[in-house]
Amino acid sequence: MTASSTSSTTPQARATRRDPRGRLRLIGTLVMSLVALAFLMPFVIQVVTTFKTDPQAAASPLSLLPNPFTVATYRQLFSGSEGAAFPTWLGNSLFISLTVTVGRVVLDSLAGYALARLRFRGRGLLTVLLISVMAVPGVVLMIPKFLVVQYLGIYDTYTAMIVPLLVDAVGIFIMKQFFESVPREIEEAARIDGAGVLRIYWSVVLPMAKPALLTLTILSFQGSWNEFTHFVVTTQSSEHATLTTGLAQFVSGSLGSGTRYPLKLTAALLATIPVAIIFFVFQRHFVRGGNAGALKE
Amino acid sequence: MSTTTEPELGAGPEPGSERRPPGRLDRLRRPRRDGRQGVWGWVFVSPMVLVLGLFLAVPVIMALWVSLLDWDGQSNPFSGAADFVGLDNYQGLFAEDGLTRTLFMTSLRNNLYYVVLAVPLQTALALGLALAVNQQRLKGKGAFRTAFYFPSVTSSIAVSTVFLFLFQSSGAVNSLLKWVGVQGPNWFTDARGLVWVALDWIGLVDPSSPPAALADHGVLGLSWWEWLSGPSIAMCTIIMLVVWTTSGTFMLMFLAALQDIPEAQLESARLDGTNRWQTLRHVILPALRPILFLVITLGLIGTWQVFDQVYVMSQGQPANTTLTPAFLSYNMSFKDAQYGTGAAISFVLLAIILVMTGVQRLVLRERDGRRRLRPRRAAR
C-alpha cells in the first residue's frame, strides 16, 4: 500500500478495505494450520498410540486420548522379554552413527579441502570420479556391497557396517563447495609466513569451516542413523541389528495381523526422536544440506 | 542485475590456474611447493580413494562379473567354481518365457505406475506448499516450513511402521473414511489395480471376468489386462507415504527458487496491475521452470529406487503388486540365492536410472543456457 493511495481515501473506506484483507489473512493462516495439522497427524497418532493398550489401539485407532493411559510399551522395550533386543538395537545405532559421524567429519573435510585447494596430479580425474560416484543410486549397490564384504571376509561384522560409510561422496562435495567459497588470501598469507599444508589446514582453514562442519555433522548423523539398505546386506545376526534393521524385521511379515502396534510404534518413535531433536535445533543446517545434496552437478 | 552475472564469473577456469603469470621467482619456487602439495593432496584424499574405491567402484565391477554367472552365493565367485553363463541372466529377464521374466516384468509394471502417480503428486504438492508458505501475508512461515519438512528427515522404516498402523483394515484411515460414509478397502491385502477398480465402478468391466481379448493375449509374460491394471490398492499406500515424505524436501527447493525471484520483477508486475493469478502464471511459474524440471527428474530418479517401504510394508505382496525391481533384485539374491539374476536386475535398474540422470543433465544444461540469457532480457 503506497502512501498516496491511503491518503486519498476516507478512513471509512480504508477500514472496509483493510477488514476483508485481515479476514482473508486469518482464513489463510487457518487453512494452512489445518493442512499442517493433517501433515503431522501421523506423528500425533503415533505418539498417542504408544500410550494405549493393544485392545484400545485396535478398537479406537483415531482417538487422541489413551484410556487407560499406560507406559507399558516403554517398559517392555527396555526390560521385557522381547525387549531384550531393543537396547541392542539402540546401542548399535548409537555406536555406529557416532563413529560414522566422526569419520565423515574428519575424512570428508580432508578430501574436500584437497579437491578444492591443493594442487596435485590426478585432482581433476578424482573430482570427475567423485561426481560420477554421486550419480550411482544406493539401491543398485546393495548386491555389489554384499559381494565385496563377503569377499573380504567381513560379512556380519561391525567393520562391514562402519567402514564403507566412513566417507560419503555428497559430504565431500559439500565441503569442497565450501572451501572453494573461502577467499584464498588468508591461506596465502599463512603460506608466506611459512606455514605448511597441514598447519594451514588445521589452524587456518578448519576454524573458518565451523558452520560447514556443523552441517556435515548433522547430515552424517541423520544419514547413518536412518541408514537401512547398507545394514540389510552386510549383516544378518541379531547382535548386529540396528534400530532400522531391527524394527524392519520386527514389523515386516506381520501384515494385517494388527497386533502389538503400540509396541511397534513405540520402537519407531524412539528411533525417530534423536533425529527429530537435532532437526528442531539445527533446522537451517538441514535446509542447507538438503539443497546442496540435491543440486549436485 | 549484477548478482545474476556473478555465478558465471565464479565458474571460470580452475581456481588459481591462470591468476598470475609465472614470474622467474615463481618458476623457481613452484616445483617445490607443488611437490609438497602434491604429496599432501594424496594424503588428504587417500581415505576417500580407499573407501569409495573399495566399497563402490570395486563392488560394481564384481557385481558386473557376477551378473554373468550362475552363482548361488556359496562358493567363491571369482575362483571359476561358478558357471559362466554370459548374458543368460539378462536374457532370462527379457527374452525367455518363465517365472523370472514374469516377476521382473511385473516389478517394472508396478514401479512404472508408481512413478507415474508419485512424481506428479509429490511435485504438485511440493509446489503448492511452497507457494502457500511463501505468501507474504502468511504468519509463522518458519513453523509451517518446519511442519511440512519434518517427515522428510525421519527414518523411512519408522514412518513405514506408522503407515502400517494407519492403513490397517480397521485402522485410523478407514475410521476416518467411515465418518464420511465410505467403506475403506483392506489396504495391504488388496491386489486390485486402480484401473480395474475404476472400470468396475463405472460398470464397464467385471474384474473377475476380464475381457478375453485382454486377458488371453499379452506381451513379455504378462497379459494386456495385467499390464493395464494400474497401481494396486496396496501400492497406493506406499505412494501416499512417499508423496508425504518427499514433498517437504522438494518444497524447500521450490522455496529457495521463489526467494530468488527479484523483488523488482514482482513489484513491476504489481504496478502493471496484474492480479495474483496473472502474476503466478506469467512471472512466478516461468521463473520456477528450471527448478520444476529439476524436481521432476530428481523424482524420477528417486522413485525408481523404492525399497525400504516395500520391505517394511508389503514385502512385494499382495500378489506381487508392490514388487519393485530393487526389491526383486534383493529377493532373488538373498532369498532365492540367484545372485546372478539379482545382480543383472541391479544393472538394468542402473541403466533405467542413468537414463533419468541423463535427462536431468540435459535439463540442467538448458537451465544454464537460460541463466545466460537473463541479463540480456533484464537489460531490455
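The predictor's confidence in each residue is given as pLDDT, on a scale from 0 to 100. In this predicted model, chain B averages a pLDDT of 81, and 86% of its residues score at least 70. Chain A averages 84, with 86% of the residues scoring at least 70. The model as a whole scores ipTM 0.85 and pTM 0.84. Because the model is predicted, local features need pLDDT of at least 70 and side-chain atom pairs count only at pLDDT 80 or more, while totals for chains, interfaces and linings use all residues. Residues are numbered from 1 along each chain as its sequence is written, and chains are lettered from A and ligands numbered from 1 in the order in which they are written.

In chain A, pLDDT stays under 50 over residues 1–10, for which the model has three contacts beyond four places in sequence; two residues are in contact if their C-beta atoms, placed from the backbone, lie within 7 Å. Residues 293–297 of chain A also stay under 50, here with seven such contacts. In chain B, pLDDT is under 50 over residues 1–33, with eight contacts beyond four places in sequence, and over residues 372–380, with five.

Chain A contains 16 helices and zero strands. Among contacts in chain A between residues at least 6 apart in sequence, 77% join residues at least 24 apart.

Turning to the interface, 78 residues of chain B are in contact with 76 residues of chain A. Helix H2 (residues 24–66) of chain B supplies the largest share of chain B's side, 22 residues. By class, that side has 50 nonpolar, 23 polar and five charged residues; Ala, Val, Leu, Ile, Met, Phe, Trp, Tyr, Cys and Pro count as nonpolar, Asp, Glu, Lys and Arg as charged, and the others, Gly among them, as polar.

Helix H6 (residues 156–166) of chain B packs with helix H15 (residues 261–281) of chain A at an angle of about 150°, their axes 9 Å apart. Axes are lines fitted to C-alpha atoms, for helices over the stretch in contact, and angles run from 0 to 180 degrees between N-to-C directions. H15(A) and H6(B) are therefore roughly antiparallel (over 145 degrees; under 35 is roughly parallel, 65 to 115 roughly perpendicular and the rest oblique). Residues making this contact include A:Tyr261, A:Lys264 and A:Leu265 of H15(A) and B:Val162 and B:Phe165 of H6(B). By class, the contact has seven nonpolar, two polar and one charged residues.

H6(B) also meets helix H14 (residues 243–251) of chain A, where the axes come within 9 Å and cross at roughly 20°. That makes H14(A) roughly parallel to H6(B). The contact is made by A:Thr244, A:Leu247, A:Ala248 and A:Val251 of H14(A) and B:Ile157, B:Ala158, B:Thr161 and B:Leu164 of H6(B). It has six nonpolar, two polar and no charged residues.

Note on methods
Helix = DSSP H or I, 4+ residues; strand = E, 2+ residues; numbered from the N terminus.
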